[in-house]
Amino acid sequence: MKSEVQNLGIETGYEVNTSLNRRDFLKVSGLAGTGLFIGISLINTNTAKADTHSTTDNFEPNVFLKIQPDGRVIIMAKNPEIGQGVKTSLPQIIAEELEVAWEQIEVEIAPLDNRFGAQFAGGSTAVHTNFDTLRKAGAAAKEMLIQAAAKKWNVRSDQCYAKAGMVYKSNSVDKFSYGELVAEASTLPIPENPKLKDSKDFTIIGKAIGGVDNKAIVTGTVEFGLDAKPKGMLVASIERCPYYGGKIKQVDDTAALKVTGVIQVIPIEASDNPTMLVAGVAVIAKNTWAAFKGRKALKIEWELPAGSVESDENLKNQFEKNISGAGQVIREDGNVDSAFQTCSVVHEGIFEAPFLAHAPMEPQNYIADVKADSVDVWGPTQVPGRVRSIAASLTGVAQEKINVRMTRVGGGFGRRLMADYAAEAIYVSKAIGKPVQVVWTREDDIQHDFYRPAGMYKIKAGLDSNNKLVAWHIKASTTSRGIFSNPNETNPSRTEVFPDGFPAGFVPNFKMQYTPVVSHVPRGAWRAPGHNVTAWLDQSFIDEMAAIAKKDPVDFRLETLGKEDKIMPYRDHGGPEYSTKRLKNVIQLAAEKSSWYAPAPSGVYRGFACHFMFGAYVAEVVSISWQESNRFKIDKVWCVVDCGIVVNKSGAINQLEGGVIDGLSAALNQAVHIEGGKAKESNFNNYSLLRMKDAPAVEVHLVDSQENPEGLGEMALPPIAAALCNAIYAGTGKRVRKLPIDLEQLTDS
Amino acid sequence: MPKFNLTINNKSFTVDVDADTPLLWVLRDELELKGTKFGCGIAQCGACTVHFNGTAVRSCSIPVSAATKAKITTIEGLSESGSHPLQKAWIELDVPQCGYCQVGQIMTAAALLEKKPKPTDDDIDKAMSGNICRCGTYPRIRKAIHQAAKGGKS
């Protein structure tokens with residue numbers, strides 16, 4: 001289980017074995033054992049019956065739920081809520097098996113507490129990983145409540161049943177509310193393997209349930225990290241070295257200290273680990289505006305790092321050299337070189353993808369209150385466990401004395417898997433001996449991101465005399481994010497390309513090669529890491545081969561997948577395998593829903609793409625129309641997904657619509673350019689995000705399935721760029737080989 | 001520091017701040033009205049939208065010195081107990097994902113509905129394109145505006 005999280009390159013901060021005191025162990029049955037990264041086992045504590053002395057009158061059979069004598073049912077939301085909907089969907093799972101009506105429950109954000117197991121938002125794993133555990137948590141509690149009622153009635157448990165927060169005696173009017181059973185239930189042993197409901201009996205899972213925070217969001221009362229600053233707390237704004245890997249040479253803070261409200265100015269030295277602290281100067285002030293103003297008044301000289309100054313141009317030179325050369329062989333089936341000799345057609349293309357910034361709407365911010373023997377930190381993060389580890393290493397305070405509180409997060413997208421901004425808050429609070437909130441400007445956020453890696457890719461493929469795809473050779477070179485986080489990374493390709501991804505396994509001659517490029521430019525996981533480029537490459541180039549074969553793009557993919565249903569190996573996150581039957585099913589459904597085979601109206605052009613990722617299957621169709629000769633409008637997108645069981649129908653569709661729009665936004669407009677060792681882009685005036693007027697209608701179809709539920713937060717994004725580019729080809733006869741899309745730079749194919 | 005008198009949500013406030021302090025930071029840091037959000041600071045994202053004599057404006061780009069004679073409405077003052085038709089539609093249609101931009105979206109949409117009670121899609125494009133939603137809830141926002149305009153019926 002540990003390896004699954006590490007494959008994602010997510011450091012959740014759960015390496016440390018934290019011991020619990022005995023009272024906590026007995027009171028609460030759930031325990032995250034040493035080294036247990038994912039999931040949590042419910043332990044049958046027969047001793048709990050005899051020795052438990054609960055400090056409250058609540059019924060708390062596990063960390064996930066409390067039932068009070070007054071009947072209130074409180075369910076804890078264990079993972080950070082970043083807009084992916086887990087604050088609603090994870091409690092739904094518990095509520096379903098607990099047999100309460102959704103309206104009866106209240107949801108609270110859980111504290112960071114090892115008893116919940118790993119608490120993080122990443123890899124689209126929450127529902128998939130927690131599904132069984134949370135069902136058992138709810139079901140165990142329900143069984144205990146039934147047993148408590150049975151005891152009070154002096155009947156057998158199987159003569160009772162639970163529904164909507166009540167226990168009923170069969171063939172009788174007798175009933176107890178859960179609240180009335182709290183005291184009795186708290187004395188009972190916790191069942192280790194409670195019986196779970198049949199999915200056909202679900203009344204909460206699978207329904208469209210509104211987000212639990214919606215009312216608070218629309219009234220402006222929900223608490224994001226930036227909002228969590230208590231009145232009177234100091235604010236710090238940091239001028240960071242604009243040159244990646246650079247240092248402070250000289251600081252003149254005289255003018256800054258004269259700005260009204262500024263209290264102190266302190267330097268920050270860069271950490272050895274570039275995912276932590278960057279060289280900078282922090283201005284601490286009484287309020288946010290004073291901190292911003294004070295910072296503008298700093299006079300700083302910076303030092304570039306040693307070596308050649310980084311730029312798009314010198315990166316591109318390295319990429320080009322690498323994809324013309326050899327490169328580490330990641331996968332090799334058959335012999336592509338001899339296959340190309342005998343192919344009827346051989347076709348080649350070079351693709352380029354830029355750095356992308358995450359730009360979540362809530363700029364980075366974090367609060368730290370570092371005291372001599374305890375630390376309180378709170379704010380927006382995808383990895384509260386990692387924040388705790390960082391706090392321990394920066395302050396020397398033991399993890400048990402570090403309290404991490406999660407606030408709602410105004411967007412994650414992978415940016416907040418890094419806890420650099422939390423490290424800054426902890427560092428500054430420790431240095432000044434006072435609590436402080438570090439606030440980033442939007443410019444800070446765009447220029448000090450951990451970007452989606454940039455790269456170049458050469459793909460060469462061949463068709464035999466039957467126009468069947470028989471050879472595929474891809475050479476990739478990127479600024480691997482794996483080697484940025486860990487210079488000793490032994491497999492830099494791991495985060496960048498996927499050797500088991502289609503069409504690997506369907507082409508008798510297949511070769512994948514990879515060469516990393518070392519760079520100071522910070523890189524990290526960006527929504528659907530790796531896949532957000534590879535799906536564009538694979539689904540664009542397969543489309544090119546379909547056109548050369550003079551076959552319909554959808555048919556060509558179906559032919560390549562083969563008539564026979566196969567289970568294919570997938571040795572990466574989302575594996576260990578995938579089903580061609582499920583992939584073909586979403587392809588065919590997308591074709592059907594979009595009327596793919598019917599001719600498009602005049603001036604309307606469509607493109608198709610499909611993908612398997614993180615355990616789920618997606619197929620998309622993009623329909624565009626030309627406005628003028630050099631402008632098109634995206635009218636509609638169809639998105640068909642098979643993700644197994646869907647927990648929250650509304651939340652699921654929201655995620656898929658969002659992933660589509662995010663992917664379109666990136667493909668159309670987004671790039672971060674490097675010049676003179678730093679980023680050129682700085683704010684939304686030069687890093688453009690898609691807006692209302694350009695957002696298409698999105699029609700989502702979820703395949704009805706009883707397979708294990710898989711995550712949807714990232715799913716819809718990877719293939720959408722290819723679907724759009726393939727639509728552009730349909731309209732122009734030219735290919736997009738470079739992102740973001742520039743209609744003046746299309747390639748004749 | 002100079003003092004400025006402000007009228008916000010029909011209440012009077014006096015704040016002691018620099019004249020160039022954006023209204024956004026006066027609301028958030030001085031008056032603890034945190035519903036209005038900081039997103040970009042250069043009027044590009046709309047997260048900071050408030051009403052200035054009924055017009056939707058970006059509070060990050062209005063210095064407090066320019067706000068003293070206006071009637072300002074923030075999300076906190078838009079309706080009693082969150083019952084504005086837009087707020088209701090937003091909840092019924094489960095619009096938000098992360099939720100950070102939504103206050104700004106609602107404030108801009110509310111100003112639109114005051115001027116155009118039955119907006120077309122084109123009206124919505126024009127009025128709402130200054131508000132970025134990074135999570136891509138645009139289709140739901142559009143639907144919610146139409147629903148609120150129809151008096152809450154979809």
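Contact means heavy atoms within 4.5 Å. I took that cut-off to the two chains first.

**Entry: the model.** I noted that this is a predicted model, in which local features need pLDDT of at least 70, side-chain atom pairs count only at pLDDT 80 or more, and totals for chains, interfaces and linings use all residues. Residues are numbered from 1 along each chain as its sequence is written, chains are lettered from A and ligands numbered from 1 in the order in which they are written, and side-chain values use heavy atoms, with hydrogens and water left out.

**Entry: chain B against chain A.** I found 58 residues of chain A and 52 residues of chain B in the contact. I read the buried area (the accessible area, 1.4 Å probe, that two parts lose on being put together, summed over both) as about 4,700 Å², with 56% of it from carbon and sulfur atoms.

I then looked up salt bridges (a side-chain nitrogen of Lys or Arg within 4 Å of a carboxyl oxygen of Asp or Glu). Seven of them run between chain B and chain A. I looked at the one between Asp18(B) and Lys293(A), where the closest N and O atoms are 3.0 Å apart.

**Entry: within chain A.** Over all chains the count is 52 salt bridges. I picked Glu239(A) and Arg295(A), whose side chains meet in one at 2.6 Å, N to O. Glu239(A) lies in strand β10 (residues 234-240) and Arg295(A) in helix α9 (residues 288-296) of chain A, so the pair ties together parts 56 residues apart in sequence. Helices (H or I, at least four residues) and strands (E, at least two) are DSSP runs, numbered from the N terminus.

Is Arg295(A) buried or exposed? I found Arg295(A) buried, at a relative accessible area of 12%, while Glu239(A) is partly exposed at 26%. Buried means under 20% relative accessible area, exposed over 50%, and partly exposed in between (1.4 Å probe, protein chains only).

I also checked Lys200(A) and Asp201(A), which form a salt bridge with the closest N and O atoms 3.6 Å apart. Lys200(A) is exposed at 66%, and Asp201(A) is partly exposed at 39%.

**Entry: within chain B.** I saw Asp16(B) form a salt bridge with Lys3(B), the closest N and O atoms being 3.1 Å apart. Asp16(B) sits in strand β2 (residues 11-16) and Lys3(B) in strand β1 (residues 3-8) of chain B, 13 residues apart. Asp16(B) counts as partly exposed at 34%, and Lys3(B) as exposed at 59%.
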